[in-house]
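This briefing covers selected local features of one protein chain. Please read it alongside the sequence and the model.

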Amino acid sequence: MATLSQILDNHVRPAELAEPLAGERVRCLACGHRCRIAVGRRGVCQVRFNQEGTLLAPWGYVASLHVDPIEKKPFYHVAPGSQALSFGMLGCDLHCGFCQNWITSQALRDSRAVAPPMDVSPERLVGLAVHDAAAFVVSTYNEPLISAEWAAAVFRLAKQAGLGTGFVSSGNATPEVLEYLRPQLDLFKVDLKCFSDASYRRLGGRLQPVLDSIRRIHELGYWMEVVTLVIPGFNDSTKELTALAGFLAEVSPDIPWHVTAYHRDYKWDGPPETPVHTLQNAAEIGRKMGLRYVYAGNLPGRWDEAENTRCHGCGETLVRRRGFRLLEYGISPDGTCPHCSSRIPGRWALPPANALPLGGS
């Protein structure tokens, strides 16, 4: 019986994000590790490998496929109330012990992770999105950078069908992959996991490539939202959260920052679950450091206004949410506040049919 690795090795194509080196070695340009891979060896992600001097990359399958609210990604400043066809492959360039998608991301490192691949074509994925009235196609569930060529093929067809496209990523990118994806990719959610290089190394990465990528994603004109899973004892100190929020505000005060609650999952069972007051402190720090849009997730209904969008100009509430559900919507079709005409940063659309106007009943 074929192993999972053997099955995946039959779902590949030559990688475009590769640079030849001497001695038939290749440098992978898909993620910040920039792996130098010898013949017969694999990159850190385990799914990109060198076969006779050619780097091969994942192609032609998914391991997870769902239609989700765009708010679940989370994108709060993108067409609220719309649906996204979310797909994922297998593997990751990090090995976070608290991963909440470890069944797919750690499938080649952990024998307990079982997520069998399903053959599919880009045409089939886009056809499903259109059939299910999804407005977006989003690569998520594992690290999409390591299968960037596959995502680009799907997104190219999605854009032709009038759909938006997105990544849910660790942000451990390279300038090359960000340039490569830009014609086909609209939205980028980045998990900024902490603001300590030592802590990032515990997760299998480094801090600087992620910070460099956040700057580059913003410069290239992607719509970006950033998420930090706040973990007691790992990244919840006032000093670290202040530095992290200050960095984001320096890149742009308009970047929405989502601070979310940790719950015990996968290998980390030591830290306690994140209390509400810790998220409140993080959100307060974000606003103090100049971020205009700070959200607290994972605790729907336990903190008033934590999930709502308020105008940075006049303070009026413009979008009301509860969990992934859109309740009320009051942003003008041109993306401005109807009360003070301030432009609200984001990718807005006409008011969704499933939301009441603000103050409606």
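Alanine 79 is buried, because its relative accessible area is 9% (buried means under 20% relative accessible area, exposed over 50% and partly exposed in between, with a 1.4 Å probe and protein chains only). The model is predicted: local features need pLDDT of at least 70, side-chain atom pairs count only at pLDDT 80 or more, and totals for chains, interfaces and linings use all residues. Residues are numbered from 1 along each chain as its sequence is written, and side-chain values use heavy atoms, with hydrogens and water left out.

**Backbone features in loops**

- Alanine 79 has a positive phi of about 35° although it is not a glycine, and its place is in the loop between β8 and β9. Helices (H or I, at least four residues) and strands (E, at least two) are DSSP runs, numbered from the N terminus.
- Proline 74 is also found in the loop between β8 and β9, and a cis peptide bond with omega of about -5° joins lysine 73 to proline 74.
- Alanine 133 has a phi near 60°, a positive value in a residue other than glycine. Alanine 133 lies in the loop between α3 (122-131) and β11 (136-139) and counts as exposed, at 61% relative accessibility.

**Aromatic rings**

- Rings of Phe, Tyr and Trp (its six-membered ring) pair if their centres lie within 6.5 Å; planes under 30 degrees apart count as stacked, over 60 as edge-to-face and the rest as tilted. By this rule the count comes to ten aromatic pairs.
- Tryptophan 59 and tryptophan 150 form an edge-to-face pair, 5.4 Å centre to centre with 70° between the planes. The pair links distant parts of the chain, 91 residues apart: tryptophan 59 is in the loop between β6 (54-58) and β7 (61-62), and tryptophan 150 is in helix α4 (residues 148-160). Tryptophan 59 and tryptophan 150 are both buried.
- The ring centres of tyrosine 76 and tyrosine 295 are 4.8 Å apart and their planes are at 70°, so this pair is edge-to-face. It too links distant parts of the chain, 219 residues apart, with tyrosine 76 in the loop between β8 (64-69) and β9 (83-88) and tyrosine 295 in strand β16 (residues 294-297). Tyrosine 76 and tyrosine 295 are both buried.
- One aromatic cluster is formed by Phe87, Phe155, Phe167, Phe188 and Tyr222.
- Arginine 182 lies over the face of tyrosine 222, at 4.6 Å from the ring centre; a charge sits over a ring if NZ of Lys or CZ of Arg is within 6 Å of the ring centre and within 35 degrees of the ring normal. Arginine 42 lies over the face of phenylalanine 49, at 4.9 Å from the ring centre.

**Strand pairing**

- Three strands form an open antiparallel sheet in the order β1-β6-β5, where two strands pair if DSSP finds at least two bridges between them. Its edge strands are β1 (12-14) and β5 (49-51), each pairing on one side only.
- Three bridges join the antiparallel strands β1 and β6, and proline 14 stands opposite leucine 56 in β6.
- Another open antiparallel sheet of three strands has the order β2-β3-β4. At its edges stand β2 (18-20) and β4 (36-37), each with a single partner strand, so one side of each is left without a neighbour in the sheet.
- β2 and strand β3 (residues 26-28) run antiparallel and are joined by three bridges; glutamate 19 stands opposite arginine 27 in β3.

**Hairpins**

- Strands β17 (residues 309-310) and β18 (residues 317-322) pair in the antiparallel sense over two bridges, with threonine 309 opposite valine 319 in β18. They form a hairpin with six residues between them, and glycine 315 in the turn has a positive phi of about 85°.
- β18 is joined by four bridges to strand β19 (residues 325-329), again antiparallel, with arginine 320 opposite glutamate 328 in β19. This hairpin has two residues between its strands, and glycine 323 in the turn has a positive phi of about 65°.

**Helices α8 and α9**

- The buried residues of α8 include Leu241, Leu244, Phe247 and Leu248. The buried residues of α8 pack against α7 (207-219), β14 (223-230), β15 (257-261) and α9, where contact means heavy atoms within 4.5 Å.
- Threonine 278 lies in helix α9 (residues 276-288) and counts as buried, at 9% relative accessibility. Threonine 278 touches Val230 and Asp236, not counting residues up to four places away in sequence.
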